[in-house]
Amino acid sequence: MKVLIQTNERPNKRFLLTLGRDVTRDQVRKIVDKNDDNAMRLLIARSDQMTEVSSAKTGYPHVDFVV
């Protein structure tokens, strides 16, 4: 599962997280629905891989969630 995170601290930076197969869509929804400062950290902690995505690229890569 892939999640794209757009940060408020660095608006020109986006991060593409690749989550393991053991992470379900419902688990990600619960983390995102909390809508607190720790949601991004929890997603990063659960990710297998994190890649910086340039904001210059138009459109989103294929992702399951955008946060």
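**Close-up views of a predicted model**

**View 1. Leu 42 in helix H2.** Leu 42 is found in helix H2, where helices (H or I, at least four residues) and strands (E, at least two) are DSSP runs numbered from the N terminus. The model is predicted, so that local features need pLDDT of at least 70 and side-chain atom pairs count only at pLDDT 80 or more, whereas totals for chains, interfaces and linings use all residues. Residues are numbered from 1 along each chain as its sequence is written, and side-chain values use heavy atoms, with hydrogens and water left out. With a relative accessible area of 36%, Leu 42 is partly exposed, a class lying between buried (under 20%) and exposed (over 50%), for a 1.4 Å probe and protein chains only. Leu 42 and Val 32 are 10 residues apart in sequence, and their C-alpha atoms are 9.4 Å apart in space.

**View 2. The packing of helices H1 and H2.** Helix H1 (residues 25-33) packs on helix H2 (residues 38-46) at an angle of about 150°, with the axes 8 Å apart; axes are lines fitted to C-alpha atoms over the stretch in contact, and angles run from 0 to 180 degrees between N-to-C directions. The two helices, H1 and H2, are therefore roughly antiparallel to each other, a term that applies to angles over 145 degrees. The contact (heavy atoms within 4.5 Å) is made by Gln 27, Val 28, Ile 31 and Val 32 of H1, together with Ala 39, Leu 42, Leu 43 and Arg 46 of H2.

View 3. Arg 21 lies in the loop between strand E2 (13-19) and H1. Its relative accessibility is 88%, and Arg 21 therefore counts as exposed. Although Arg 21 and Met 1 are 20 residues apart in sequence, the distance from C-alpha to C-alpha is 7.1 Å.

**View 4. The protein as a whole.** The secondary structure comes to two helices and four strands, which run β-β-α-α-β-β from the N terminus on. Of the 67 residues in the protein, 28% are buried. Among contacts with a separation of 6 or more, 67% are accounted for by residues 24 or more positions apart.

Methods:
Angles under 35 degrees count as roughly parallel, over 145 as roughly antiparallel, 65 to 115 as roughly perpendicular and the rest as oblique.
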